[in-house]
Structures are given as structure tokens and as C-alpha cells.
Number of protein chains: 2
Amino acid sequence: MKVGILGYGNLGRGVECAVKQNDDMELTAVFTRRNPEDVKILTPGVNVYNVKDVEAHKDEIDVLIICGGSATDLPKMTPEYTKYFNVIDSFDTHAKIPEHFANVDKVAKENGHIALISAGWDPGMFSLNRLYANCILPQGNDYTFWGKGVSQGHSDAIRRVEGVKDGKQYTVPVESALEAVRNGENPELTTRQKHTRECFVVAEEGADKEKITETIKNMPNYFADYDTTVNFITEEELKKDHSGIPHGGFVFRTGVTGWNNENKHVIEYSLKLDSNPEFTSSVIVAYARAINRLHKEGVNGCKTVFDIAPAYLSPLSGDEIRAHLL
Amino acid sequence: MKVGILGYGNLGRGVECAVKQNDDMELTAVFTRRNPEDVKILTPGVNVYNVKDVEAHKDEIDVLIICGGSATDLPKMTPEYTKYFNVIDSFDTHAKIPEHFANVDKVAKENGHIALISAGWDPGMFSLNRLYANCILPQGNDYTFWGKGVSQGHSDAIRRVEGVKDGKQYTVPVESALEAVRNGENPELTTRQKHTRECFVVAEEGADKEKITETIKNMPNYFADYDTTVNFITEEELKKDHSGIPHGGFVFRTGVTGWNNENKHVIEYSLKLDSNPEFTSSVIVAYARAINRLHKEGVNGCKTVFDIAPAYLSPLSGDEIRAHLL
């Protein structure tokens, strides 16, 4: 199958790497909002085009993977390109998923395309685990923890503080909270009890470090509701020790069964990822395979991971997966 | 939807409890090979019939849940009852799944029914996690660990040893092996390195305990390849401390991404279950909902968990699951 990538940042590059790992796929083209000549990609022999020329390539591509941001890019881009392509995105603004779904569904049905939104790990694999576990244990509690990992939004917030030259923020789940959930204690956890926030900050020369620390710790929405630690490091240390984009997290469902709800069960799913964008891309690429197949079967409209039978994700036949993975 | 249960042991009783937790389901009838008058069920007002009368009830039941053993019952029962009903079973002899699938598929298609085989947690939820993780990380390694939990087969083997009055066996994953996998070390593990076996034995009066211990530890297939501990306890202790049927386990996939496979990822799914049969039943009941819906859409033939889009498991609408679980 022929894959196109729209947007070549960390996620687009991750998709390029994931396509390379899957023998039944090839990268056909990359589209960028930048000057195509300024964008150097990894795959030899593949052209980079300006996004304004994307429509001309609509018959060359089975699935277009849209690698844009959820805040402003995807709400416009995904419906727009669904006119011409089967598409997949990683829209992750949970509260706006219903609206995005409706917009994309309309265009997909009008144009006979299939679009899968919100692929990745949260939303994505975490959502799947929440759904499966809720269906199996209807009487129970859900818990999601994130980290240890880099939050882009919180790192950006640090960098906007006066006197900060650069910085990185890690979201860290509280170990004792994880243990309480894992032990089936069904704790009620406040924001502060679930996660801590670790900041690594490079201060500008002569900056007031105490003031920076206080400003960060008291920042509403981002840090004020958490136990936050601020560590000052050098630019070299930041580069050496904090240049990766790791992430991960935990999804739990704890529930009861039995005639009198006498038996307890704990379902736990966790991810430990060296590269958040590359793992997200790997999920997206597996779902790209699925929607390509479904489109060939005549399916169209907007879909999410909930609508895709798992067998469609695999390059193997039904016989093979039943024999080796069931 | 109307549910029938065929076979009323631990699993059948677990299905009965799970149906009670799901408001969109009701138990219509229980079928048994025993004298129906000897079988007391929990749900008031529901009749117990002999299994030879099952065909007479074919129009009263949307899905018949077949709660038989994999060794001899299900290979015969599932194809037989697929003639009259949509059915679901928990066939768990992994090596014989392809054969069972083919037999059931033929009957299901001939009779316009849908049959889902091998529902539960392994096969079942563990299989799903193996499939999803293999599709996301095509370059990687799979690990499955079982326990801590009661193995029925190994407990039966203990009880056949001369001088043993009763006994129970626990399969226990080796903590250091779990840690090595979790750390992404990709260890090559022997049978002995993955699991230990803990036996709790009630000896007959005057029995040779040393001989019992040696016989158990050296039993081929069951114990000889494992580090096994044998603990002698009283009948009262066995009843008090070991009457439950807990189980669980861990499925891992560790893999790499990136242009030069430079980033590592660990996906872990684990279950900690107070009651193996009740959890298995809870999975089965969720899939019963799914196949009932699919049958109404005109789908027939044999299916596995791989073929079912997750949304079909939920009593909630697509809008609801997108809004609350994605």
C-alpha cells in the first residue's frame, strides 16, 4: 500500500520510520507547508511537495497520514484532505473528539472515503484498554496515569517564564498511588496525589532563580495543583540528559464479579516508550493498513480505534494469526 | 438479549453472575447433562433443562454460551449446537484452534449462525494484546507469563500421587524474569527461568512425605522442568487458605523503532484475578453481546476475538464511547 505523509515534524518522521518497518507499505510522497527544498527526509527517492499541490497526487496514495497539531491544524486539515484521500490523524483534544468526528464523518461519506481519527496511544491504545476493560468489568473503577514522560505543553510553559533560557518538564506518576490502585484499594485520588511534575531549567545569566522557581510552581493550570520540583542545570546537561521525548503511562480497571460482588480483579495496561512520537506513529501506521483494507471492502465514513476489528491491523492472514497469536 | 448457558460448573455459574451485572441481558435457561432437578442455580425463576432438550429452545435464545471442557466437550459440542444457536465457547487448547475453527465455521455458515470460539483471557484478552502489540511493534519480542494462580491440571496431577489426599498447585512467574523483560533486556528464558511451581499437599495419615515430594518434583511434563516446592498442610488449612481459584498473568511486547532501531518500547498487559472462571465468564458475556449484534447485521460463520471491532462489546452507543472512553 502507498502511504503519503502530510507534515514532516517529529510525528511525520516517526511515520516514515514505521513505514520502513512494514514490508507491505511504501512511502510515496511527503507534503509540507515549508519550502519543499528545505525539507530533507530519510527515505531515498521519495519526493517532497508543497501541501498546496496535494490534490494532484490523490490517485497515487492509498492513505494520507496527517501529522499536524490538534489545537489548530487537524480540525481544519482532516476534513479538508478527506475530500481527496483516505486519511488518518492523531487528534488528541479529548473534549473535542465528538465535534471533530462529526465534521470528518460528513466529508468522508460525501466523498466515499474512510478517515480514522485519534490514533496513537492516548487517545488510541489507552482508549481501547479502557473500553475492553469497561465491557468486561461493568462494575468497577478506571484509572489513567501518565509518565514518566515529557509534556510538550508544560515544557513550553516553562520556557515562557522570564529568565528561562530553555527547559523540559517530566510528568511522573506517584508510585504509592499506582500501588494502591494495583492492590485493588480503589483510592479516590486528587490531581496532586496522582502525578508530580519535575522541571529541568536552564536559566539566563544573572536570572533570579528563586523567582523562576516560584513562578513555575505557582503557575495556574500547569503546575499549581501539583507537587513540582524545579532543578537548574546547564545548557550542556539539558542537551546531554534531556534531549529525548520519552513517555508512557498506565491504564487500570479494577472491578468485582460474583453473585455478591465478592471477587476482585485488576486489569493493567502500561507503556514505557523511549520515543513518544515514534510509538504514536507506529500505532498510526498499523491503523493505516486497517483503513486501506476496509476501504477496499467498500467501507467509508469516519472511524476510531473502537470501530476496527483487530485482525485488520495485521499483515498476516486470519489463519496465521489464529495459529500463532490466539 | 436472551442468554442460555450450557453446562453449569464454575464457568456456567460465572456466566450467570456476569449476566446479572449487564442490564441489557437476561438468563433464559440453563442446560445440563445432569438430572436438571439436581442442579440448583442462583437466578430466581429460570428453568434448568436436560441438554438433550436444548433444540426445543432454539427460538428463545439469542446466544448460547457453551461452558464445557476443551479436551473432549467443546470439540463436539460447539459444532453440534451451532446448528441451532449463535454460540460462544472458551476453547483453550491453543494448538487445536485452527481445526476447531474450521469445524465450527462450516456448521455456522451452513446454518446462518455466528459462533465465537476461544473467548476468555488466554486465549482471549492475552491474544488481543499479543496481536495489537505485534502490529504496532513489528520488530520485537513477545513474552507471556502466567500466575500467580491455580493450575487445575497440575492440582489434578498432585492428587493422583500415592499418599496424597488433596492438593493445590500454584504457577508463579519468576520476579527477576519479569523485571528483565520490563527493563527491555530481551532475555532468552528457559521454562525453569520463567515460572516456579508451589504445591500445597494434604498427605494421607502415615504417608511417606519425602516420597510424595520426590514423586511430585520429578513428574515429567508437569513438574520436572520447574523449580517446585512442596508444602504439607492440614485439610483445614487447605480449605481455609487455598479454596479460591485465583489466576492472572502478564503479556509483554518489547520492540524498537526509529530509522536505525534506536528507540526501545515496552508494552505490558497484566491481569490479577481473584476468580479465574468468573473473569473468563465476564469476557465471554461481553463477546456474547457482540455476536448477537453482528448476527442481527447479517454476519455469520466462526469468529474469534480478532474479528470483533471493540465497539460491539459495549452496551453504550458509538457517541457515548467516543465522548467518554476515547
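How many residues of chain A are in contact with chain B, and how many of chain B with chain A? In this predicted model, 69 residues of chain A contact 70 residues of chain B, where contact means heavy atoms within 4.5 Å.

The area buried between the two chains is about 6,200 Å². This is the accessible area (1.4 Å probe) that the two parts lose on being put together, summed over both. Carbon and sulfur atoms give 63% of it. In chain A, Gln21(A), Trp259(A) and Leu326(A) lose the most area to chain B, together 15% of what that side buries.

Across the interface, the rule finds 0 salt bridges (a side-chain nitrogen of Lys or Arg within 4 Å of a carboxyl oxygen of Asp or Glu). It finds 29 residue pairs in polar contact, both residues at pLDDT 80 or more. A polar contact is a pair of N or O atoms within 3.5 Å; within protein, one must be able to donate a hydrogen and the other to accept it, and residues adjacent in sequence count only if both atoms are side-chain atoms.

S13(A) gives the most to the side of chain A that touches chain B, with 11 residues. Strands are DSSP runs (E, at least two residues) numbered from the N terminus. S13(A) is joined to strand S13 (residues 263-273) of chain B by 9 bridges, and the two run antiparallel. Leu271(A) has Ile267(B) as its bridge partner in S13(B).

Residues are numbered from 1 along each chain as its sequence is written, and chains are lettered from A in the order in which they are written. Local features need pLDDT of at least 70, side-chain atom pairs count only at pLDDT 80 or more, totals for chains, interfaces and linings use all residues, and side-chain values use heavy atoms, with hydrogens and water left out.

Note on methods
Helix = DSSP H or I, 4+ residues; strand = E, 2+ residues; numbered from the N terminus. Pairing = 2+ DSSP bridges.
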